[in-house]
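Dear colleague,

Please find below the structure I promised to hand over. My notes on it follow directly after.

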Amino acid sequence: MAEMGSKGVTAGKIASNVQKKLTRAQEKVLQKLGKADETKDEQFEQCVQNFNKQLTEGTRLQKDLRTYLASVKAMHEASKKLNECLQEVYEPDWPGRDEANKIAENNDLLWVDYHQKLVDQALLTMDTYLGQFPDIKSRIAKRGRKLVDYDSARHHYESLQTAKKKDEAKIAKAEEELIKAQKVFEEMNVDLQEELPSLWNSRVGFYVNTFQSIAGLEENFHKEMSKLNQNLNDVLVSLEKQHGSNTFTVKAQPRKKSKLFSRLRRKRNSDNAPAKGNKSPSPPDGSPAATPEIRVNHEPEPAGGATPGATLPKSPSQSSLPAVVVETFPATVNGTVEGGSGAGRLDLPPGFMFKVQAQHDYTATDTDELQLKAGDVVLVIPFQNPEEQDEGWLMGVKESDWNQHKELEKCRGVFPENFTERVP
């Protein structure tokens, strides 16, 4: 029985709601056709327009604030990546490395704090502010429906009163329904008439508080960020100054083909070793037998009445010297052939290309490397085998050694290019 009663109540309520919707629809049609008057409240309509405008502005502000927060988060990520890059390129022996890392950590914390405060003091407040609009919007819509019910009840009551044949019972019931509809409508109408103007006026204070919070947070954030940026700038200025005064070591690019000359010298010594049973030692470096003959292309001028075109006889010592051809190589830098400015000059090494000056001291780490002091001038020559050249390394002989010895085998060596600068 209880179940049937419950179903009966539900069915009755549904039927009542359907009837109400039909009655309202009929009333709205009659009002639009001008066959029924409509209760108007211009003051309330103005409040509704203000409400809709306020809701639109608030929704846009909320959307833009979320976009702003997303941008802050994106800037945080970009700043974090930039600082990670700085930490990677900041070499361990550079001064200020620990300070730079600490600044990066504080930078990250500052972004996190700024984002969280924006959420707490702006976004959540914005969400709370907009949270009251859906309920009021629903009540405005309900008031509109109750106004239609009131107009419908009023028209029904008036029609019964003006009828030729009056039915007092129906008139009494219609009057009762009219009073009830009017009461429900007026209760909702009075509440909204008070709330809507108050809500409209509250927008000013809300906008002020919201933008003051954002402005204050952003101001403090940029002040703190400015301090960190100044500290980072000071660290980098210190690095630049120490780099310019050579107070810390400049590192050479690592070599792949180390001990190049050690291998070449061992091979050369093996090729020049005397055969078994030959007791004649190899001529020492600097002896006549080790000095290559320099061939001159032009004919010597006749002297002492000698017949032009005649060839002067060689001295016994010269005739006993083996003819050694000086081999020259094309000037190459990293595989690029250049025309050497010293080609054919007897005061410069064979294949000489250009000069460089050491800007930093360099301590040789292998027997085939040059030991450099800042200010040393190096005559750059090509590698005999370009495949032996490592990236960032050059072959050369110090100008002072060349002027003193004129011997490539003893004087030449490789050196890091980034320790030097090219000079005319």
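Gln-357 stands opposite Glu-421, which lies in strand 7. Strand 7 runs antiparallel to strand 3 (residues 354–358), and 4 bridges join the two. Here strands (E, at least two residues) and helices (H or I, at least four) are DSSP runs, numbered from the N terminus, and two strands pair if DSSP finds at least two bridges between them.

This is a predicted model, in which local features need pLDDT of at least 70 and side-chain atom pairs count only at pLDDT 80 or more, while totals for chains, interfaces and linings use all residues. Residues are numbered from 1 along each chain as its sequence is written, and side-chain values use heavy atoms, with hydrogens and water left out.

In total, the chain has 9 helices and 7 strands.

Among contacts (heavy atoms within 4.5 Å) with a separation of 6 or more, 71% link residues 24 or more positions apart.

As for pLDDT, the predictor's confidence in each residue from 0 to 100, the chain has a mean of 78, and 70% of its residues reach 70 or more. Over residues 265–344, however, the pLDDT is below 50. Where pLDDT is low, the predicted coordinates should not be read in detail.

With kind regards
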